[in-house]
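I opened a new notebook page for this one.

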Amino acid sequence: QEFVAMERHLMPRFRVVPTATGISLAKSLVGHSALNLPVLAFGVLRRPKNWVVIPDVVAARALAWTGDAAARPLGQPEVFDVKPFKAKSLQRKAFFRRLADLDFVAQPGDWKQLLAVLGNDTSLLERLGPFVDYSFLFELYSVSPAGGGPTNALGPTCVRSQGCNQGSCRVLCVNIIDYFMLYDEKPVWYDAKAVGKKLESWFIGNKWDDYAAKAQLMMRCIGVLPRMGLEEGVAVEALDSHS
């Protein structure tokens, strides 16, 4: 059910032709969306399941930037898997703390563009499913002045820190991953699976209700983290509790 919804509703929205090469596919996806779309999907004989193969986001981004999936033009990133509150997310607080420690402030134009892309993607997942429990996979790159790399043509899913043109630069990129779980906020009583998901969500503070809105709020909060005017530890706790 989830794969059929993805195939019919998500894939046609991207400018990818069936004969697209790996490079053109990577460029198309990186240039239009933060959704980490599958590259292969197949059923398992005599089992009611689909296997979905998704790309390594760091390799896919390198392929789009350079034509070489093994290249690391901005160096090896720090990677954080983050979900909005109250979904369980082991790396959320560490990610907030890392941004606070770096005093990371994105260039305004980059940040506005990123929020627009993520807003479109999360709204699409809400409208078509809703699909919930997905993560934002953040890549944090540290680029030295002599390190080079395509810091002026990163695409709409990456943001540069302020001051990139004057000295060392931080680049933050994001993909949406693991978005294949359908959720019904008002399930019918005889759908045991849907009712079970609703009960699980309710038991943990309605963690999956209005999931897209919670994800969008978390992203807006991340943008103002360095300007909250709070001691770093307090700011991290505040974001982790109210994102």
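**Whole chain**

I began with burial: 43% of the 243 residues of the chain count as buried. I noted that the model is predicted. Next I looked up the secondary structure. The chain has eight helices and eight strands. Then I checked contacts between residues at least 6 apart in sequence. Of these, 70% join residues at least 24 apart.

**The cores**

I looked for nonpolar cores next. In soluble globular proteins, nonpolar side chains tend to be buried together. The largest nonpolar core here has 35 residues. Which of them touch the most other members? I found Phe95, Phe136, Phe138, Ile176, Met219 and Ile222. I then asked which elements supply at least two residues each. Three helices besides strands came up: H4 (92–102), H5 and H7 (211–224). The strands were S3 (78–82), S4 (131–132), S5 (135–143) and S7 (169–177). Helix H7 gives the most, with six residues. I also noted a second, separate core of 14 residues. Val57, Leu137, Val143 and Ile177 are among its members.

**Two residues up close**

I picked Ile176 from the largest core. I left aside its neighbours within four places in sequence. Its contacts then include Ala34, Leu35 and Asn36. Leu118, Asp121, Thr122 and Leu125 are also in contact with Ile176.

I moved on to Thr122, which lies in helix H5 (residues 108–128). Is Thr122 buried or exposed? Its relative accessible area is 1%, so Thr122 is buried, because buried means under 20%. What does its side chain meet? The side chain of Thr122 makes a polar contact with the side chain of Gln216, at 2.8 Å. Not counting residues up to four places away in sequence, Thr122 touches Tyr134, Phe136, Ile176, Ala212, Ala215 and Gln216.

**The cavity**

The largest cavity holds about 40 Å³ of space. I listed its lining: Val58, Arg61, Ala62, Trp65, Ala71, Arg72, Pro73, Leu74, Gly75 and Tyr141. Helix H3 (residues 57–66) provides the largest share of that lining, four residues. By type, the lining divides into seven nonpolar, one polar and two charged residues.

How values were computed. Residues are numbered from 1 along each chain as its sequence is written. This is a predicted model: local features need pLDDT of at least 70, side-chain atom pairs count only at pLDDT 80 or more; totals for chains, interfaces and linings use all residues. Side-chain values use heavy atoms; hydrogens and water are left out. Buried means under 20% relative accessible area, exposed over 50%, partly exposed in between (1.4 Å probe, protein chains only). A polar contact is a pair of N or O atoms within 3.5 Å; within protein, one must be able to donate a hydrogen and the other to accept it, and residues adjacent in sequence count only if both atoms are side-chain atoms. Contact means heavy atoms within 4.5 Å. A nonpolar core is a set of buried Ala, Val, Leu, Ile, Met, Phe, Trp, Tyr and Cys residues joined through side-chain atoms within 4.5 Å. On a 1 Å grid over the protein atoms alone, a cavity is a set of points where a 1.4 Å probe fits but cannot get out, and a pocket is an open set with protein on both sides within 12 Å along at least five of seven lines; lining residues have an atom within 4 Å of a point. Grid points are joined across faces, edges and corners, and a volume is the space filled by probe spheres set on the points. Ala, Val, Leu, Ile, Met, Phe, Trp, Tyr, Cys and Pro count as nonpolar, Asp, Glu, Lys and Arg as charged, and the others, Gly among them, as polar.
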